[in-house]
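Dear colleague,

Please find the structure below, placed here so that you can follow the notes with it open. My findings come after it.

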Amino acid sequence: MRDYPGDRVDLRSDTVTQPTPPMREAMAKAAVGDDVWGDDPTVIQLENTVAGMLGKDAAVFVPSGTMSNNIAIKSQTNHGDEILTHRNSHIYLWESGAYASLAGCSISLVDGDWGQMTPAGVQQAIRKTAGSNYHFPDCKLVCAENTANVGGGSIYEQKTLDEICQVAHENDCRTHLDGARLFNAVIGSGVDPERMVRGFDTVSICLSKGLGAPVGSVLVGDLETISKSRWWRKTFGGGMRQSGILAAAGIYALENNIDRLSEDHIRASRLAEAISRMNSFSVELGAVQSNMVYVQCNEDSAKEVASRLASRGVDVSEETDSIVRAVAHLHITDEDIVRAIEAFEQSQ
Ligand SMILES: Cc1ncc(COP(=O)(O)O)c(C=O)c1O
């Protein structure tokens with residue numbers, strides 16, 4: 001599918017997807033109300049749908065994945081607590097330090113291959129005030145990410161996720177899953193979504209990444225936590241009015257764009273395999289488990305490679321000085337992958 005203007009192959013991110021004509025039609029037809037008053041029927045439908053899919057009691061629709069993660073943190077911690085996450089997680093790297101500025105939390109970081117934590121690593125990094133002679137903060141929330149974006153889009157083994165949640169709960173910590181690309185993990189692993197998130201107290205999913213909606217994320221959890229999250233959403237300025245127009249795009253995405261994620265995964269792995277055979281680049285093929293390809297540039301800087309690719313009509317994102325990222329999504333076709341492979345070949 002292309003359905004979007006321009007002839008560039010835009011592999012910078014799956015966030016560049018644009019609403020397709022049938023999605024726009026669903027948005028135009030949406031029944032709306034005032035969601036801050038709680039009477040937008042389409043928002044209520046979206047929230048109930050996502051809560052049902054993930055087996056949780058309640059859900060709240062928010063403008064972004066960043067807000068979703070941070071109202072989850074704010075609702076499950078007190079000022080001065082500590083949260084725990086992977087060193088390369090989105091919550092730590094790319095959310096402006098909101099865990100500190102908005103929630104007043106410190107952060108304990110866990111290392112691990114492919115952006116993934118191990119249960120032992122989590123156990124080791126949990127700090128508790130009790131027994132520390134008042135020296136440690138109290139870790140109250142463990143946050144995992146699936147798929148793990150900076151881990152190459154890798155997907156956790158279910159056993160690892162379950163054990164991380166068990167370790168967290170045994171240590172009196174709540175558990176949050178940043179599932180910005182949860183459905184990529186579901187499609188890539190074949191695990192049922194409700195089963196995948198069973199151990200998590202809260203889960204955030206994004207509608208505006210691979211699922212192709214223009215805006216929006218949904219946070220799910222128990223009634224009390226989601227009720228607190230609604231309050232923090234309002235506090236952070238995320239209360240929206242006739243947001244049924246946006247929720248309709250989300251419902252359309254959930255109904256039509258989940259199964260097709262497998263096409264993105266196949267295209268990403270085709271691209272990864274071809275690039276990994278080129279001398280100037282390396283790809284850790286084992287980590288390519290969903291729609292992303294992190295490419296190590298062995299000879300030139302990421303900036304130079306990205307600019308050569310751009311001059312051939314292919315856009316990638318520069319992740320570090322030596323790594324570029326290419327992401328397959330709704331608007332990327334088989335022909336685009338062929339074009340991208342040629343552009344990488346010519347950019348060595
Ligand atoms: C893993 C992950 N979590 C959260 C987010 C934040 O989403 P948003 O850009 O909607 O704030 C992103 C964005 O790319 C992401 O990759």
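A residue is called buried here if 20 or more other C-beta atoms lie within 10 Å of its own, exposed if 12 or fewer do, and partly exposed in between, with C-beta atoms placed from the backbone. By that criterion Thr 147 is buried, because 30 other C-beta atoms lie within 10 Å.

The model is a predicted one, in which local features need pLDDT of at least 70 and side-chain atom pairs count only at pLDDT 80 or more, while totals for chains, interfaces and linings use all residues. Residue numbers start from 1 along each chain as its sequence is written.

Overall form

The chain holds 14 helices and 13 strands; these are DSSP runs (H or I of at least four residues for helices, E of at least two for strands), numbered from the N terminus. The radius of gyration, taken over C-alpha atoms, is judged against a globule rule of 2.2 Å times the number of residues to the power 0.38. For 348 residues a compact globule would have a value near 20 Å, and the chain agrees because its own value is 20 Å. Along the principal axes, the C-alpha atoms fill a box of roughly 60 × 55 × 35 Å. Buried residues account for 52% of the 348 residues. Two residues are in contact if their C-beta atoms, placed from the backbone, lie within 7 Å. Of the contacts with a separation of 6 or more, 73% join residues 24 or more positions apart.

Of the 13 residues around the ligand, Ser 64, Gly 65, Thr 66, His 90 and Ala 180 come nearest. The shell comprises 2 nonpolar, 9 polar and 2 charged residues. In this classification Ala, Val, Leu, Ile, Met, Phe, Trp, Tyr, Cys and Pro are nonpolar, Asp, Glu, Lys and Arg are charged, and the others, Gly among them, are polar. Helix α3 (residues 65-75) gives the most to the shell, with 3 residues.

Helix α3 is mostly covered, with 11 of its 11 residues buried. It packs against helix α10 (residues 223-235) at an angle of about 120°, the axes being 9 Å apart. Axes are lines fitted to C-alpha atoms, for helices over the stretch in contact, and angles run from 0 to 180 degrees between N-to-C directions. The crossing of α3 and α10 is right-handed; a crossing is left-handed if the near helix is turned anticlockwise from the far one by less than a right angle, and right-handed if clockwise. On the α3 side the contact involves Met 67, Ile 71, Ala 72, Lys 74 and Ser 75, which meet Thr 225, Lys 228, Ser 229, Trp 232 and Arg 233 of α10. The residues of this contact divide into 4 nonpolar, 3 polar and 3 charged.

Helices α2 and α11

Helix α2 (residues 41-53) and helix α11 (residues 244-256) cross at roughly 35°, and their axes come within 8 Å. This crossing is left-handed. The residues of the contact are 7 nonpolar and 5 polar, with no charged.

Thr 147 is placed in the loop between β5 (139-145) and α7 (158-170). Thr 147 and Asp 178 stand 31 residues apart in sequence and 8.5 Å apart in space, C-alpha to C-alpha.

Helix α8 (residues 182-189) is largely enclosed by the rest of the structure, because 7 of its 8 residues are buried. Asn 184 and Ala 185 are among those buried residues, which pack against β6 (174-179), α9 (193-196), β7 (202-206) and α12 (261-276). Just after α8, Gly 190 takes a positive phi of about 80°.

Two further backbone points

Trp 114, although not a glycine, has a positive phi of about 55°. Trp 114 lies in the loop between β4 (106-110) and α6 (119-125), and counts as buried because it has 20 C-beta neighbours inside 10 Å. Asp 172 also has a positive phi, near 60°, and lies in the loop between α7 and β6. Asp 172 counts as exposed, because it has 12 C-beta neighbours inside 10 Å.

With kind regards

Methods
A residue is near a molecule or strand if its C-beta atom, placed from the backbone, lies within 6 Å of it.
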